[in-house]
Structure formats: C-alpha cells, structure tokens
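Please open the model in your viewer and keep the sequence panel beside it.

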Amino acid sequence: MQNKAFQEYQSLDSHEPELFKILIVDDEPTIIETLRSFLQNLDIGQVTGADCGEEALEYVEQNQYDYIFIDLMMPGMNGIDLLKKIQPYHYPTNIIIMTGYPSMNAVIDSMHNGAADFLVKPFQFDDIKVVLKRLQRLRDLKEKNWALHQELGEKKKVEELNEQLGRRIHLQTILFNIVNSLSEMNQPNEIYRYLVDKAVESCIAEKACFMIYDREEAKLLVLSQKGLGLAPGVKADLTSGSNGKRMIDGVFIQSHFGKAFTGKIPLDKPYTFDGLISVPFNIRNEPFGVLLVADKKEGIPFDKEDEFILQFLSKKAALNIENMALYGNLKENLLASFMSLVSAIEAKDSYTQQHSSRVTDLSIKLAKKMRCSPEDIKRLELTGPLHDIGKIGIQDSILNKPGSLTDDEFAQIKTHPLIGVNIVSPLGLDKGEVAIIRNHHERWDGRGYPDGLSGEKIPRVSRILAVADAFDAMSSSRAYRQALPFIVCIHELERNSGTQFDPEVVKAALAVFKNEGYSSR
Ligand SMILES: [Fe+2]
C-alpha cells in the first residue's frame, strides 16, 4: 500500500508512479541518511549513498541514475569536479547540487556544468518535494532529448560506417587495378611509366618521378616522370646520411619539385614532407630506386592511405620487374639450348649448314626494306633461327633423301612446323613469334601447310620468312641437287609471286638483291 507522502508526490504531476534510481553523494553521513529517509518516505525508488566523489564515480560508471544529489564541498574530488566527470556517462540524469553556503558563483558554475537544480542545506521535506516536482518535467524532456541524441548518434554511426565502407571499396578498387594492369605488362619501361601515371592518379597529385639507383656514380637516374618537365636521364646526387645510408640530396628536390627542402630523403623507407612523399622501390630487399610524388591537389598533405597505396604500387611493380628478369634469364637459357639443337640438326647435313642463320639474316633485310615494325624485326631475329627446329622430329633418311619423296614421306615433312611449335612452347613466345615457326610453309594462294592460310591472313613475318627460306634453299646445294644459279632463283621468285609468295615480299627481295649486288653471285 502506498503511503501518504507518495500520493502527495504523485499528485505533483500526472505521471504514472515509477521507480527511480537515486544516488546521494556527501561526505557527511547524516546528510545522506536524512535525505535517504525523506526519499524513502516518498517511496519513489532505490537510494544509494556515496561518501566521496571517487566512490560516486564508480557507481555512476556502472549504473544509470535518474537523480544524483551532490554535496558541493567535499574533500578530494569536489562537487563541481564530480559533476564534470559524470556528464559523459549520464546525460538524462538530473543532478542536484547541495550546499550550506550558496554563492552566486557556485550556482552559475554548477548550472554551467550541467546541474539541474540547487538545494540549500539544511533542507526540509517540502524542499525535496519542490525540487522533485520541478525536475520531473525536465527529466522527461531530457530523456526525450537523450533518445533523440542516441538516435542521431546511431545515424551518424551508420553514416560513418558507410563512409568507411566507401573508402575501403575505393581503396580495394585501386589495389585491384594496380595488380590487374601490372599483370598485363611485359616491358620494364611500360612499368616505369605506369608507376608515375598511377601514383599521380591514385593520390590526386600533380607531380611524380621514378628514379633508379646508380651505385657506381652514387646517383639516382630519372626513368619516368609526370608533371615535372624532366627529361629521362636527369640525375640526382645521393649523399651519405649519418648512418651511412644513401639519401637524396635536397638540391634535386628544390630545383625540380620547387620545394624549399634542405634535408635529405632516405631510400630505404617511406618519407613524407610538406606536400611530398617518397616510397622505396626494392628488388630482393635491396634498394633499386625511389618513387617521389608531390603536390596533392588543393595543397592537402599526403596521408597514411597515400603511403599505403604507393608502397603497394611500388612493391607490386618491383615484383613484376624481378619476374621479368628471372623470365628473361630463363628465356635466354632456353633459346641457347634450342639454338644448339638447330646447330645439331644442321650439322647432320653439310648441305643445310648455316641455313637457319642465312634465312634469318635475309628475312631481317626484307623486313627492314618493307618497313616492318621494330617488334616484327625483333621477332624475326629471335625466332627466325628456330623456324625449322621441328625437323628434329623427322627421320634423317627422309630429310636427307637424295631422290624425290613419297606422299607418305612428304606428309611427315609437313609436320615439322607443328612439332617446332610444341618444342618452343616453354619459351612463352608471342603470337607473331610462334607464327614464324608455324606458318613459314603457308602459300599466298592458300595451298601451303599446316593451316592452309592465304594472302594477308598469313602473318607478315611468316610470308617474309617463306621467301627467304625458299631463296636460300634454291641458292644452296642440297642432297638431291646442286645450288641453282642466282638468276634462276630470281626467276623462280618472280614466277611464283602471287601464287606461292607474297608479291610485296618478292618485290622487296629483288630490291635488296639489287642494292647488295647479289646478281654477281
Ligand atoms: Fe621449314
């Protein structure tokens, strides 16, 4: 059964009765007890007492109080200090400051720090009722405000999470693009250019420069740049740092990046300086170069995310360069083995000795005459000597047969381009290089082998090698006949131009022979 005092308290407002949690903080136990008895008389909730600020703070950290009565003057932590500390924990709590010596300053200070009311000691039961009545409405408002505040906080949290997620997706996209783009590159120069382009794009910066470390000259050599107007080959001096490590002298930075930089940039770790960032470029953990990026748009300083992206870019690019070097060695070794294989085939037949290198030489001359691309000329240089490597799979008795071949024997001969392609497959040759081996017996009229391609469907390098191959075969002695006179060879080329051979290649061959005085042969 509710007592009279509680009915009185209820009548103060139209609220349903509810149980509150109340904390009283005072260094005088009698005050705590008096107030506790008043409040218990009202039967409005659970009352806890604390005799100092520190103890009160422990309670507050673990409980949510509706009302806290705090004595202003306490030894140790005083009422105002406690008030300031409680604020972050209990926003909707009504805090009532109690003092026996009220002053205007103390009232203002308390209110300023979040106190809801003031109670002057000694107080009467009626004083408590008045204060509670006054605060009840305020407490409701505070609760609503708190709920709204929480809701806004949640919304803000979601927005922050969304923003974080957006940034993460953006970062992952950049990293994915870096890996993807690098995987398609097979030339170091392409990678050096990509480094500066991607650095500028990812950091939204204006300048970037990639330099490699020249140990002998103790200099850094510019390989690629963007936004600096530097020619490749410009050198930056390196000076020894205090720990003996190589560092870029500030003079280079000052003159090319326009920074008032008098220090030195280390080569072995990322470094950020007012509008400039550098990341090392290591190969097998050894300094190989450095990537410098400067002038982020709108003067924003470089941050940790920029550093992360640039380091990722530098590490992936370095790995690609390293792989290219390893692959280059592997390719060179395999090529050397295959070349000795070709020499072995040719050595078996004195008639065909040096055939492959003569065919390659003539092919290159024809390609140059026809203004083929440097890439195609390189392909002929590399793969020309291997065009007949597949003959290793054909019986010597067929290869060196003095008389004419049977249909079956000719069918076997026709397999040598495809056998050759299989032999060189570990080299990872490109399409054009493979075509030299696979299609050097195709005919312009489509009656060749193994694919029966015709006209311009036959790769140009294959059409060139076909003419050089046929010319060398005719102009050198074979097991079954003597070398044909030069003039006969020329007539054969002309006679078969447009049927067996590409007319453009035959025309180039005639021009080359004329220039070089072959007719005297
Ligand atoms: Fe051949």
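Contact here means heavy atoms within 4.5 Å. With that in mind, and remembering that this is a predicted model, select leucine 313 first: setting aside its neighbours within four places in sequence, leucine 313 is in contact with Ile178, Tyr194, Leu195, Lys198, Ala199 and Leu291.

Now widen the selection to the largest nonpolar core, which has 31 residues; Phe281, Leu291, Val293, Leu310 and Leu313 are those with the most contacts inside it. Two or more residues of this core come from each of helix 6 (125-183), helix 7 (188-203), strand 6 (205-214), strand 12 (276-283), strand 13 (286-296) and helix 9 (304-348). Helix 7 gives the most to this core, contributing eight residues. Another core lies apart from it and has 29 residues, among them Val359, Ile436, Ile490 and Ala508.

After helix 10 comes arginine 371, whose phi is positive, near 55 degrees.

Which residues coordinate the iron ion? They are Asp388 through OD, and His416, His440 and His441 each through NE2, at 2.0 to 2.4 Å. In sequence these donor residues follow the spacing D-x27-H-x23-H-H. Aspartate 388 sits in the loop between helix 11 (374-383) and helix 12 (396-399), while histidine 440 sits in the loop between helix 15 (431-438) and helix 16 (460-475), so this pair ties together parts that are 52 residues apart in sequence. Both aspartate 388 and histidine 440 are buried. Why is the arrangement of the four donor atoms irregular? The angles they subtend around the iron ion run from 83 to 168 degrees, which makes the arrangement irregular.

Finally, colour the model by pLDDT. The protein averages 83, and 90% of the residues score at least 70. Confidence is highest in helix 16, at a mean of 95, and lowest in helix 1 (residues 4-10), at a mean of 47. Over residues 1-17 pLDDT stays under 50, and the model has 28 contacts beyond four places in sequence for this stretch. Where pLDDT is low, the predicted coordinates should not be read in detail.

Definitions and conventions
Residues numbered from 1 in each chain as written. Predicted model: local features only at pLDDT ≥ 70, side-chain atom pairs only at ≥ 80, totals over all residues. Heavy atoms only, no water. Donors = N, O, S within 2.8 Å, 3.2 Å for Na, K, Ca; no water. Tetrahedral: all angles 85-135°; square planar, octahedral: opposite > 155°, others 65-115°. Helix = DSSP H or I, 4+ residues; strand = E, 2+ residues; numbered from the N terminus. Buried < 20%, exposed > 50% of the residue type's maximum accessible area, 1.4 Å probe, protein only. pLDDT = per-residue confidence, 0-100. Core = buried A, V, L, I, M, F, W, Y, C linked by side-chain atoms within 4.5 Å.
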